[in-house]
Amino acid sequence: MLPRLLRRSSGGALVAGALLAATGCTGTETGNPPLDGTMSVNAHSSDSASVALVSSEGGAVVDELWLGLGDVLVEPCEGDTLVVPEVGVGEHASQVATQHPFLAARTAICRVRVRFVRASEGPEAIRNRSTLVRGRDADGRAFEIALALDSEVELPVAVDLDETHAALLLAVDVARWVGTLDLASGTADVDGVVRIDETNNPTLRDAFLGNVAEGFELYRDDDADGVADAGEPFLGRGVP
């Protein structure tokens, strides 16, 4: 199933396309009518002066953020798990957000779990890996983080799903992922790129791995536009 793309207008807002029909999910909690849930996946920066997306604001900049994600599990406080199936491989720092339908239920949610999968598509650097981040540090030197993350990220949350609140936003905060990395200390390859992977720059690699879980955030996305708008509450953050 291909994700629905949400495009930004020239002013930076996202314009939502028509909602896809919900398919391929587990049953809902007994007695609760099914809801057409949606989950958007997008990147943002909580500190764009430190790490911005696409266009630098004086610090580092992330130009590409690729993720390979499998099922996202939305767990009610009681009852059956709701499944956002096979989110797939996508680029989340560009001018689009991805939107994924799932069969929800009128219920209280206590936890969301995000599963990584290794990519078989996308740029060569992410093949057989699950995460690829490309950008430039504050001095303009290129960096590339390419790693196979086989773990699972857990986000404790507290939110009620119902007919008017059936959309969620799973966001990656690039400031939390990259902002604390001492990129200037990295050793560059002969092409001038600081590569952080299984064999290169292990200190930076370990620091990035320590940031991964806390970089994931969940928001209620009332207008299902893939952006954490004012008034749409922050629900939780990944735990290490």
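Which residue meets Arg111 in a salt bridge between side chains? The partner is Glu154, at 3.2 Å, N to O. A salt bridge here puts a side-chain nitrogen of Lys or Arg within 4 Å of a carboxyl oxygen of Asp or Glu. The pair is a way into this predicted model.

First, the ground rules. The model is predicted, so local features need pLDDT of at least 70 and side-chain atom pairs count only at pLDDT 80 or more, while totals for chains, interfaces and linings use all residues. Residues are numbered from 1 along each chain as its sequence is written, and side-chain values use heavy atoms, with hydrogens and water left out.

Confidence comes next. pLDDT is the predictor's confidence in each residue, from 0 to 100. The protein averages 86, and 86% of the residues score at least 70. Over residues 1-30 the pLDDT is below 50. Beyond near neighbours in sequence, that stretch still has 78 contacts in the model. A contact means heavy atoms within 4.5 Å. Where pLDDT is low, the predicted coordinates should not be read in detail.

Now the overall build. The protein has two helices and 16 strands. These are DSSP runs, numbered from the N terminus: helices are H or I with at least four residues, strands are E with at least two. Of the 240 residues, 49% count as buried. Buried means under 20% relative accessible area, exposed means over 50%, and partly exposed lies in between (1.4 Å probe, protein chains only). Among contacts between residues at least 6 apart in sequence, 70% join residues at least 24 apart.

Turn to the interior. A nonpolar core is a set of buried Ala, Val, Leu, Ile, Met, Phe, Trp, Tyr and Cys residues joined through side-chain atoms within 4.5 Å. The largest one has 49 residues, and those with the most contacts inside it are Leu65, Trp177 and Phe216. Strand β5 (residues 60-76) gives the most to this core, with seven residues. Leaving aside neighbours within four places in sequence, Leu65 touches residues including Ala43, His92, Leu132, Val172 and Trp177.

Strand β13 (residues 167-173) deserves a stop. Seven of its seven residues are buried, so β13 is largely enclosed by the rest of the structure. In a regular strand the side chains alternate between the two faces of the sheet. Both faces of β13 are covered. Ala167, Leu169, Ala171 and Asp173 are buried on one side, and Leu168, Leu170 and Val172 on the other.

Which strands flank it in the pairing? Two strands pair if DSSP finds at least two bridges between them. Strand β3 (residues 34-44) and β13 pair in the parallel sense over seven bridges. Ser40 has Leu169 of β13 as its bridge partner. β13 and β15 pair in the antiparallel sense over five bridges. There Ala171 stands opposite Glu217 in β15.

Glu217 leads back to the charged pairs. A search of the whole structure finds 19 salt bridges. The side chains of Arg237 and Glu217 meet in one of them (2.8 Å, N to O). Arg237 lies in strand β16 and Glu217 in strand β15, so the pair ties together parts that are 20 residues apart in sequence. Glu217 is buried, at 2% relative accessible area, whereas Arg237 is partly exposed, at 23%.

The opening pair reaches across more sequence. Arg111 lies in strand β9 and Glu154 in strand β12, so this bridge ties together parts that are 43 residues apart in sequence. Arg111 is partly exposed, at 27%. Glu154 is partly exposed too, at 29%.Glu163 and Arg106 form another salt bridge (2.7 Å, N to O). Glu163 lies in the loop between β12 (152-161) and β13 and Arg106 in the loop between β8 (96-105) and β9 (107-116), so this pair ties together parts that are 57 residues apart in sequence. Salt bridges that share partners also join Glu64, Arg134, Glu144, Asp189, Asp191 and Arg195 into one network.

Two backbone details remain. Most residues other than glycine have a negative phi. Asn201 has a positive phi of about 50 degrees although it is not a glycine. Asn201 sits in the loop between β14 (194-196) and α2 (202-211) and is buried, at 13% relative accessible area. Ala224 also has a positive phi, near 50 degrees. Its place is the loop between β15 (216-220) and β16 (234-237), and Ala224 is buried, at 14%.
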